Amino acid sequence: MAKIECAYPASYEKCCSTQLIDGDGMFNVAGIENFMKEIKLSDCGLSYAVVSIMGPQSSGKSTLLNNLFCTDFKEMDAFKGRSQTTKGIWMAKCVGIEPCTLVMDLEGTDGRERGEDDTAFEKQSALFALAISDIVLINMWCHDIGREQAANKPLLKTVFQVMMRLFSPRKTTMLFVIRDKTKTPLENLEPVLRGDIQKIWDSVPKPDAHKETLLSEFFIVEVVALSSFEEKEEQFKEQVATLRERFYHSIAPGGLAGDRRGVIPASGFCFSAQEIWKIIKENKDLDLPAHKVMVATVRCEEIANEKYDSFARNMDWCQLEEAVTSSPIHGFGKKLNSLLTTCLSEYDAEATYFDEGVRSAKQKQLQEKLFQLVQPTFQIALGHIRSEILDKFKEAFDKALNGGEGFSSATNKCVESYMAQFDEGCADVVIEIANWDTSKVREKLRRDIDAHVTSVRASKLSELVSSNKEKLKEALYGPVETLLDGANSDTWPSIRKLANRETELVVSEFSSELIRFDMDEETKKSMIMNLQDYAKGVIEAKAKEEAGRVLIRMKERFMTLFSHDSDSMPRIWTGKEDIRAINNSARSACLKLLSVMTVIRLDEGDDIYDIEKILTVAFAESSNNSVKNKSITTFESLASSTWEQVPPSKTLITPVQCKSLWRQFKMETEYSVSQAIAAQEANNRSNNWLPPPWAIIALLILGFNEFMTLLRNPLYIGVIFVVYLLVKALWVQLDIAGEFRNGALPGIISLSSKLVPIIMNIIRKLAEEGQGNATNNPRRNPSKRVVPAGNVTSSSASSSVTSSTNRPDYSSSSKYE
Ligand SMILES: Nc1nc2c(ncn2[C@@H]2O[C@H](COP(=O)(O)OP(=O)(O)O)[C@@H](O)[C@H]2O)c(=O)[nH]1
Ligand SMILES: [Mg+2]
């Protein structure tokens, strides 16, 4: 590239040129890319024109171009003789011409250097020039016009032939430049030239599709004549200057370039030219419209990839992508949207001149790829909002509930407010151009919220139910136990009353609390029923528990009634009590207890089961020995595991169990009764040691004289006194009253074994007393010994009575426990 002096001083541009295709047909990719960068061709869009020149070798083509466009193509040195100077195809930018105009200088046709037959390169370069040029200059000598053997004839034939292989939709301007014009005016020459051209067109063999096609459908033919550069340089330069003006704004409507259909955007020029040359070299048909689409496809793809890469590397995007993983980002949607739109608009700006269809298809692809790139980040941002809102909802919901707000009103309020907040957050995240659907995330949030509400509701409800059950249990458990403990005819009505009262109380509280949960009547009813059933269950469980202890209770009750009088004082069996009556009444009270414990009577109708009567008949008659046969039959009435008319669910103790319980009860209480009887008999005996009154009176009447005799004789009195003292001492020593308490025979046997030693003992003591009289006061000791002995006797006797009454009580109770 060299700078040449431009003939048009208005421009101070440097000329740039490069070899596009070398003499061997190699496309100079690096050179052209460099050239394009230098002249900033890519920025031109569609505003550029391509001019090429064809013509015989050394016909002054390079000279013309250099003069016309201030280029620096190599010219032949006029003094060195005619030889090929331009090899291959060169390209330069015209200096000072708007818009950007590229000019190609082609190796001459009919070149001596390649030999007559080597027309391949000639044809290829002609086709190439036609394919990419808007204007083709055809350089010809003036004297060739009308000549049969004109040098241009083969060239034009070639041009016309190849033109039909281009399938080009556009017309190319063919500007014939007549060199070394003679005095013959152009007006006369032009028709001859056009006639020549037409003749050549007609003579060219055409494919069927173009048999009838006119030349004017492919070409706009223009003619210009120039004076000789060598002989009339001044005139030549003037004419060239005029011609140059026609290249200004050549692409404007009506300009020299005229038809702009099928122009390739400037940024695709290099690739397009390269591809065209490749196809031409492979000798394939060159379909320019298809080529245009191909170029557009490749270039748009390139641009799109470039834009995608630059987006992926964009710092703003990378920061956003990283930041969003840790926390939500305010204005996420807007930021990303602006990054994406910038990227897409950059693509649009670069691809704008390429084929519309291809361009938008590639844009869509780019957009798709970009969306795929950012979608995960978008989902993360959306996920942040969803989880944030869910957490906030949970918190607010709990707060509202704890603040005593109704369940459904709290739910509605919170759901409404937080779904609105979610929508707001979504709006912040949504990327306008992607306009992704957030409804699924919204639905998921809604589902999560609903699930939370349901679980909270369930837990609150179960809490409420269990607290009320607890209340019921507390209110029923103890009182029912107490009532069953004191079982009587009123027990079950009282339990029913208690149950009704407590259940109603709890249920009314419960149902007032249920209002907060806004549930349907059906569920509410079933929950209340559940609670009522629970109350029944508590009572039944308690009753069952008590039924299991019925024997102990019966024995306790028996002992209380049997061993205590009506004032709850412990009974002393003095002998006057009617043990049988006491026993019977105590037993009937126990029977009552058993009958109460036998059946659950939680319904009013349950009172009709008269278990007590059945038991009374069964047990009373069985205890009556005189009616033996009957006892068997009545006891048989209890030989069943169910009570007549009583459903098993209400049965606590079956008839069979009653029977065995009663038997055991009787067995375990019989001992106490027999103890009482024994105590009573012993008491009777200890009180009956004096003879009957009639015997005493008879004794007094019949023994009056003997009594008087004794009174008259003091000696007798002394003897009687001594005998009395002896007997009294024996009585005390032998504890005769105590010995006979257990019966006459054991008393006699026990006394007989003790009698002799005790008499001996008394005599010995009396002897000791007699001896002691000589030294000591003899009268104090005997009285001292007798009085305490009498005291001991009486106290032991009385304690033995009390113990006899009390002992069975303790022993039996300890046995029960
Ligand atoms: N007769 C005549 N000779 C010219 C004219 N223009 C250039 N030449 C000469 O023709 C020779 C070949 O010129 P050149 O531009 O290298 O021809 P090219 O091979 O077609 O590029 C040079 O010696 C020029 O001086 C012209 O208008 N008339
Ligand atoms: Mg040349």
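**A walk through a predicted chain**

Let me start with one residue. Ser59 is buried, because 24 other C-beta atoms lie within 10 Å. Buried here means 20 or more other C-beta atoms within 10 Å of a residue's own, exposed means 12 or fewer, and partly exposed is in between; the C-beta atoms are placed from the backbone.

Some ground rules. This is a predicted model: local features need pLDDT of at least 70, side-chain atom pairs count only at pLDDT 80 or more, and totals for chains, interfaces and linings use all residues. Residues are numbered from 1 along each chain as its sequence is written, and chains are lettered from A and ligands numbered from 1 in the order in which they are written.

Back to Ser59. Where is Ser59 found? In the loop between β2 and α2. What does Ser59 touch, leaving out residues up to four places away in sequence? Gly108, Asn139, Trp141 and Arg179. Contact means that two C-beta atoms, placed from the backbone, lie within 7 Å. Helices (H or I, at least four residues) and strands (E, at least two) are DSSP runs, numbered from the N terminus.

Now the neighbours. Gln57 sits in the loop between β2 and α2. Gln57 is buried, with 20 other C-beta atoms within 10 Å. Ser58 belongs to the loop between β2 (48-54) and α2 (61-69). Ser58 is partly exposed, because it has 19 other C-beta atoms within 10 Å. Its backbone has a positive phi of about 60°, although Ser58 is not a glycine.

UniProt positions follow the numbering used here, feature names are shortened, and annotations may be inferred rather than shown by experiment.

Next, two other backbone features. Gln645 also has a positive phi, about 75°, and is not a glycine. Gln645 lies in the loop between α19 (628-637) and α20 (655-687). Is Gln645 buried or exposed? Exposed, with 7 other C-beta atoms within 10 Å. Then there is a cis peptide bond between Glu98 and Pro99, with omega about -10°. Pro99 is in the loop between β3 (89-93) and β4 (100-106).

On to a helix pair. Two packed helices are described by the angle between their axes and the distance between the axes. Helix α12 (residues 407-429) and helix α13 (residues 439-485) have axes that come within 11 Å and cross at roughly 160°. So α12 is roughly antiparallel to α13. The axes are lines fitted to C-alpha atoms, for helices over the stretch in contact, and angles run from 0 to 180 degrees between N-to-C directions. Under 35 degrees counts as roughly parallel, over 145 as roughly antiparallel, 65 to 115 as roughly perpendicular, and the rest as oblique.

Which residues meet? From α12, Phe407, Thr411, Val415, Met419 and Phe422; from α13, Arg442, Leu445, Arg446, Ile449, Val453 and Arg457.

One more record item. UniProt, in an unreviewed entry, lists residues 715-732 as "transmembrane region". Over residues 715-732 the chain is 100% helix and 0% strand. The end C-alpha atoms of that stretch are 26 Å apart.

Last, the whole chain. How many helices and strands are there? The chain has 26 helices and seven strands. Of its 817 residues, 30% count as buried. Among contacts between residues at least 6 apart in sequence, 73% join residues at least 24 apart.
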